[in-house]
Number of protein chains: 2
Amino acid sequence: MQGEIITIGNELTSGRTADLNSWYAAGRLTASGLSVIRITSVGDDAKMAADALKRASASSRFVIVTGGLGSTEDDMTCRIAAEALDRRLCLDHQMLRKIKEYVKAKGIPMSPPLEKMAFMPEGAKMIHPKGAACGFSLVEKDIHFYFLPGVPDEMRYIMDAFVVPELLSLYERPPVTRQRLLKLYGLDEPRIADIFAALKGRTGDVVFGFYPKYPENHITMSLRGPDETAVTAALDKVARDIISLVGPYAFAAGDQEMEEVVGRLLGEKKKTLSVAESCTGGLIGHRLTNVAGSSIYFQGGVVSYSNQSKADILHVNPKTLETHGAVSARTAEEMARGIRDQMKSDLGLAVTGIAGPDGGSEEKPVGTVYIGLCSAGETVSRRYRFWGRRKQVKLNASTMALDWVRRHLNGDPFLPGV
Amino acid sequence: MQGEIITIGNELTSGRTADLNSWYAAGRLTASGLSVIRITSVGDDAKMAADALKRASASSRFVIVTGGLGSTEDDMTCRIAAEALDRRLCLDHQMLRKIKEYVKAKGIPMSPPLEKMAFMPEGAKMIHPKGAACGFSLVEKDIHFYFLPGVPDEMRYIMDAFVVPELLSLYERPPVTRQRLLKLYGLDEPRIADIFAALKGRTGDVVFGFYPKYPENHITMSLRGPDETAVTAALDKVARDIISLVGPYAFAAGDQEMEEVVGRLLGEKKKTLSVAESCTGGLIGHRLTNVAGSSIYFQGGVVSYSNQSKADILHVNPKTLETHGAVSARTAEEMARGIRDQMKSDLGLAVTGIAGPDGGSEEKPVGTVYIGLCSAGETVSRRYRFWGRRKQVKLNASTMALDWVRRHLNGDPFLPGV
């Protein structure tokens, strides 16, 4: 059940585009209990691509190839596949018909590059498309090859609707593989390494993975075995042990984003939230509204990038701005109170800071950020220092602010400030 | 001057993490005139990693390896490298000292996993680190191997400060390679293919690349030659030809984001902007404030996720909301006027729509978005329909809204609505 992924395109080897297709395909295959042993990216180079295809045949039962199936000049995977697997290149009439229908629906004229997309290696089986770019599969020496378009949406659709189900039907039921994911915020790598060391000898055959994902740290736990109940029970025990060691630093057990965790908690506790953002510029609102159904608990926000808007809309006292500055504990608190009043929400969250690269001072260097939170009972604020460039400071500040809401709703203490 | 990149980690083959390290390394190498012919990702598997290292030796002059140098359980690149290249594993005292210093500065105790990081293949040259995770290089049969940590920041630092300069010093000056990038918004793939077809025979040896990057389309033009002036002139001519064919659909010639282009134009025309966001939830503000110095032209915004906030803060007439609905041309216009008044900016931009997956109707399906823009002269709005999931609708709506500001400032017509 081992396979590999080959992605083709000069955009990958030249670093123009990150290879998110192999990432997606690998994730879907792994989640289905299939394992990916290698991912290879080559340019639009017939020799290199053919070499990758041939080499894959030596060790894999399935090969997923993405890219090079579109209508533009540099796409040539069909030709390469036909050559590498020593097959003729044939015009597929069903495919040509589909392309003609698509072209007609879009009201654009037929052209040779579009026609080219209907040519496939002999024996290939067409994969029904969404949009014009199609995929195809073929079997060579008992190895299943899938050729998918490089456009992420089309590739993902075919992967989920066709490739994964077919692969699962081809193989005998594999031994059960289960994975748990734990997401941490606020602990650095050495402290996490200590936690792992403390678990030594108590984790059986569980395989750990440690993945920094700025500003979070993710831990995976994988276990294989013949029996699902036993695998699940063993994994759950290890996950519980880790959670009891890290406490509220673990914000998600599973693939939830921080904003989803916050949204779920707000929903459970029937609380509403509004945000006043200065240095994060709208990122917190953006993250909260990435969650479907967030309108139930998210009232809205104000991006107060200017002092004037802090005073006019959030009713921050101009004296506060003058005396303490826009980046101060007092301003963060008044922003939190102001947005809560304006939006009539249960919680008012505020962030003000210096994202950089300019605007820092000795007293308040770039990366200095104040978080404020106003609830019915009280208004609190704390000062933090984040490192990195502008986007990193914004990202970390937004995560810290969301973490405040999570910890507040859970009754946990906020992370210590500076 | 051909080389390759090998990235090691179960997080890559399992799809837990996208391989942004190879993307970065490939981009830096390509920009330096070096070419990457293959990128291979394998799991934390000694056999597969050794195989990739050996295979790289056959066709490459340099090999960049990332991952597996940290202090956590699953890191083992040093051992694999030593085995694959048949070298002893030795304790590096300088490295050990650095780790001890780091540990002391952070106030954490020394541990065996941290100590493990000081072991390197015999003959390896240490690469001075930023943080605890270091890299090293070694030369085997005239091939230069670089082993870098997998943490993106550390890897990027070593790549830029050490690897690229050394590689450039090793090789003779390559023939000049220059690349141009053109970013388009609002044209679909077949129409772009037509534009390329129209250029047939007029583009010489220029190599084109076409990269959809939702919701934009990016075109690269590359040309190699012995003489920089000639290469640059030829590329510029082709770029000009394409721009004259696509007109205002081309929003950037170079690696600028849409928000940078908008920011530059606002700065040039000395105009200020504020935004009223409903379905984009803060994304437009976030994008605008990703640009350093945006506080000069960006006044701020309101995320009005509730009807109440549309009325209270943006002063949208409650009757408008009742009669036309929150997602309507009239509401978009009143939001644009409201935010402009509130923020006292030259331009007021508004977006209201249905991001989905719920909230759609027959008359206004998911993906229906109204953009409104209020300037001193007038207030205009238009209805659009975007496709895809929630995040895609938000992204496309934010790009369309920013594109409105760009086109307004350039005196170009807005993209046609539905």
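Modeller: Two residues are in contact if their C-beta atoms, placed from the backbone, lie within 7 Å. This is a predicted model, in which local features need pLDDT of at least 70, side-chain atom pairs count only at pLDDT 80 or more, and totals for chains, interfaces and linings use all residues. Residues are numbered from 1 along each chain as its sequence is written, while chains are lettered from A and ligands numbered from 1 in the order in which they are written.

Biologist: How many helices and strands are there in chain A?

Modeller: The C-alpha atoms of chain A fill a box of roughly 80 × 60 × 40 Å along the principal axes. Of the contacts in chain A with a separation of 6 or more, 67% are accounted for by residues 24 or more positions apart. Helices (H or I, at least four residues) and strands (E, at least two) are DSSP runs numbered from the N terminus, and in chain A there are 15 helices and 17 strands.

Biologist: Which residues of α2(A) are buried?

Modeller: Helix α2 of chain A (residues 20-31) has twelve residues and should span 16 Å at 1.5 Å a residue, which agrees with the 16 Å between its end C-alpha atoms; the expected span is 1.5 Å times one less than the number of residues. The cover over its buried residues includes β1 (2-8), β2 (35-42), β3 (62-66) and α7 (152-170) of chain A together with α1 (10-13) of chain B. A residue is buried if 20 or more other C-beta atoms, placed from the backbone, lie within 10 Å of its own, exposed if 12 or fewer, and partly exposed in between. The buried residues of α2(A) are A:Asn21, A:Ser22, A:Trp23, A:Ala25, A:Ala26 and A:Leu29.

Biologist: Which residues have the most contacts inside the largest nonpolar core?

Modeller: A nonpolar core is a set of buried Ala, Val, Leu, Ile, Met, Phe, Trp, Tyr and Cys residues joined through C-beta atoms within 7 Å. Leaving aside neighbours within four places in sequence, B:Ile371 is in contact with B:Ala332, B:Val351, B:Ser381, B:Arg382, B:Tyr384, B:Met400, B:Ala401 and B:Trp404. A second, separate core of 47 residues includes A:Tyr146, A:Val151, A:Met159 and B:Leu12. The largest core has 129 residues, and those with the most contacts inside it are A:Leu349, A:Ile371, B:Leu349 and B:Ile371.

Biologist: How many residues of strand β16 of chain B are buried?

Modeller: Strand β16(B) pairs in the antiparallel sense with strand β15 (residues 347-353) of chain B over six bridges, and with strand β17 (residues 379-385) of chain B over seven bridges. B:Thr368, B:Tyr370, B:Gly372 and B:Cys374 point one way from β16(B), and B:Val369, B:Ile371 and B:Leu373 the other way, and all are buried. For strand β16 (residues 368-374) of chain B, the count of buried residues is therefore seven of seven.

Biologist: Does B:Ser375 count as buried, exposed or partly exposed, and why?

Modeller: B:Ser375 is placed in the loop between β16 and β17 of chain B. Leaving aside neighbours within four places in sequence, B:Ser375 is in contact with B:Asp346, B:Leu347 and B:His408. Because B:Ser375 has 18 C-beta neighbours inside 10 Å, B:Ser375 counts as partly exposed.

How values were computed
Two strands pair if DSSP finds at least two bridges between them.
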